[in-house]
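Please look through the structure shown below.

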Amino acid sequence: VADGGPRMIGALGQPNLTALVVLMGLISFIYLFATGQIRSRLWLLYPFWLCIGAVLTGSRFFYLGIATLCLISVIEFIRNYFSASCRWQTLWSKGVLLTLLSLVLAYAVVPVADEFLTNTSVQAGLIDRESFSEISDARLRFGDVQRVGEWKKVIGGVSELDSIWLGNGPGSYPLFSMTMEVSGYSVNNQLLWTHPHNLLLMLLVEYGLLGLLVFLSFCFYLLFIYWTRPRTPVFVFAASIVAIILLQNQVEFSFWFSPFLLVFVAFLSLFDSKYKISWSQRPVLIGTTSIVLIVALLVSVYAVRDYVHVVRIFQAIDIDDPDQYRLQDISRSSILGKGAMSVRILRLDPPSGGYERQLMEADHFVETWPSQLFLHRRAALTAVVHGGDVACDRIRTAVRLYPDGVNILSRDLKSINEHVPLDMSYFEACILEGMEFWLDRK
């Protein structure tokens with residue numbers, strides 16, 4: 001359970017990713033059941049234990065995935081019911097029914113057990129969390145879901161794209177999201193939205209209608225394969241996994257985590273096995289593999305070395321000049337650049353001098369990753385380089401988007417003021433104007 005949170009988490013600290021893992025486990029059980037590989041009756045309890053975990057995650061996607069699994073199973077049963085050999089299809093349907101029964105039973109058991117354990121643990125002072133009924137009620141309310149507001153922002157901001165056909169370019173969604181909020185959209189949870197929790201909308205923003213059409217063509221190709229290929233347990237198993245992962249990326253973001261992306265690619269190769277890649281010459285295989293491994297090893301060593309330096313500097317009590325230069329050098333890395341720059345802002349004041357160069361560097365990071373630290377550092381540097389209304393506007397924007405970073409902005413302004421006199425009363429008034437947005441919301 002998350003620290004102080006109400007929902008069970010597991011994979012990568014995400015309840016919805018945990019629900020995806022559980023759902024893949026259930027589909028795997030159904031496949032083993034349909035192929036006659038479940039030898040012991042004790043394994044029939046396996047779906048029940050998985051369903052308990054799924055219910056505790058409070059994931060809406062899990063139930064959407066179960067509905068998709070049932071739809072696939074109904075299609076398979078109808079298509080193959082009158083075939084000469086339909087034993088495995090019948091067992092597959094029985095496995096789905098067993099899963100549904102386990103889910104109903106788990107949903108009946110979990111509230112009672114959770115309430116008992118929660119009350120006992122709260123009285124003992126071990127935890128402080130909401131009851132299961134309160135969690136369930138919150139999951140049934142869709143009006144206040146922040147990702148829905150983010151979707152509305154994308155739909156309403158289509159006309160603001162650089163090109164409706166080509167989009168704003170790869171990796172541009174964070175800047176698009178921040179720009180739309182500054183333009184007057186009320187959706188704001190004080191976090192940087194790096195993706196809208198919907199793959200279709202993200203493709204629309206970053207690659208335009210052409211990119212969206214390419215992806216939809218890929219999806220229709222998968223549907224064509226599913227409808228025309230011969231039925232085998234492995235084929236239906238792979239199709240189910242591919243379908244739920246694609247579905248999950250319309251409400252979540254599992255493709256942004258390499259383990260889930262690799263699982264998707266692996267099952268996609270099982271689902272569409274028409275084209276086979278083989279290595280006809282052994283030297284080609286050995287040579288290509290060796291080159292890939294050598295490059296991967298060198299890049300890994302380089303990244304690990306920089307990561308160790310960044311972590312050590314972040315935890316150091318005093319940061320000397322060599323460490324500052326090393327941190328500045330790592331900030332130019334395409335792998336750990338954002339992390340190194342974040343450490344520079346958290347631990348170090350803006351250097352005295354070269355403010356225009358520092359502002360150009362901050363602008364570069366904001367254009368690709370408009371996070372809290374980068375926006376506040378840029379606002380402080382703008383105060384000394386441009387001043388006036390330009391600086392005040394950036395200060396108000398930074399505070400409105402990320403009010404809990406005001407201390408960093410104030411610290412940077414005071415540090416700069418020690419070397420170059422600033423109109424501190426004016427800029428403090430700009431900070432207060434940004435905070436008024438949150439006071440008005442209260």
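In this predicted model, α8 and α9 cross in a left-handed sense, and they pack at an angle of about 155 degrees with their axes 11 Å apart. Because angles over 145 degrees count as roughly antiparallel, α8 and α9 are roughly antiparallel to each other. On the α8 side the contact is made by F215, L222, I225 and Y226, and on the α9 side by F235, A239, V242 and L246. By class, the residues of this contact comprise eight nonpolar, no polar and no charged.

Helix α15, residues 372–385, packs with helix α16, residues 388–401, at an angle of about 160 degrees and with axes 8 Å apart, which makes α15 roughly antiparallel to α16. The crossing in which α15 passes α16 is left-handed. From α15, the residues L375, H376, R378, A379, T382 and A383 meet V390, A391, R394, I395, A398, V399 and L401 of α16. The contact of α15 with α16 has nine nonpolar residues, together with two polar and two charged ones.

| Helix pair | Angle between axes | Distance between axes |
|---|---|---|
| α8 and α9 | about 155 degrees | 11 Å |
| α15 and α16 | about 160 degrees | 8 Å |

In soluble globular proteins, nonpolar side chains tend to be buried together. The largest nonpolar core here has 58 residues, and those with the most contacts inside it are F62, W92, V242, I245 and F271. Two or more residues are given to this core by each of α1 (15–34), α2 (46–57), α3 (60–80), α4 (87–123), α8 (199–228), α9 (233–248) and α10 (258–271). Of these elements, α1 supplies the largest share, 13 residues. Leaving aside residues up to four places away in sequence, W92 touches I30, Y31, A34, L69, S73, P233, V236, F237 and S240. Apart from this core lies another, of 33 residues, which includes L359, L375, A379 and L401; of these, L375 and A379 belong to the α15 side of the contact with α16, and L401 to the α16 side.

S172 lies in the loop between α6 (146–156) and α7 (173–182). Is S172 buried or exposed? With a relative accessible area of 12%, S172 is buried, since buried means under 20%. Not counting residues up to four places away in sequence, S172 touches V205 and E206.

Key: Residues are numbered from 1 along each chain as its sequence is written. This is a predicted model: local features need pLDDT of at least 70, side-chain atom pairs count only at pLDDT 80 or more; totals for chains, interfaces and linings use all residues. Side-chain values use heavy atoms; hydrogens and water are left out. Axes are lines fitted to C-alpha atoms, for helices over the stretch in contact, and angles run from 0 to 180 degrees between N-to-C directions. Helices (H or I, at least four residues) and strands (E, at least two) are DSSP runs, numbered from the N terminus. Angles under 35 degrees count as roughly parallel, over 145 as roughly antiparallel, 65 to 115 as roughly perpendicular and the rest as oblique. A crossing is left-handed if the near helix is turned anticlockwise from the far one by less than a right angle, and right-handed if clockwise. Contact means heavy atoms within 4.5 Å. Ala, Val, Leu, Ile, Met, Phe, Trp, Tyr, Cys and Pro count as nonpolar, Asp, Glu, Lys and Arg as charged, and the others, Gly among them, as polar. Buried means under 20% relative accessible area, exposed over 50%, partly exposed in between (1.4 Å probe, protein chains only). A nonpolar core is a set of buried Ala, Val, Leu, Ile, Met, Phe, Trp, Tyr and Cys residues joined through side-chain atoms within 4.5 Å.
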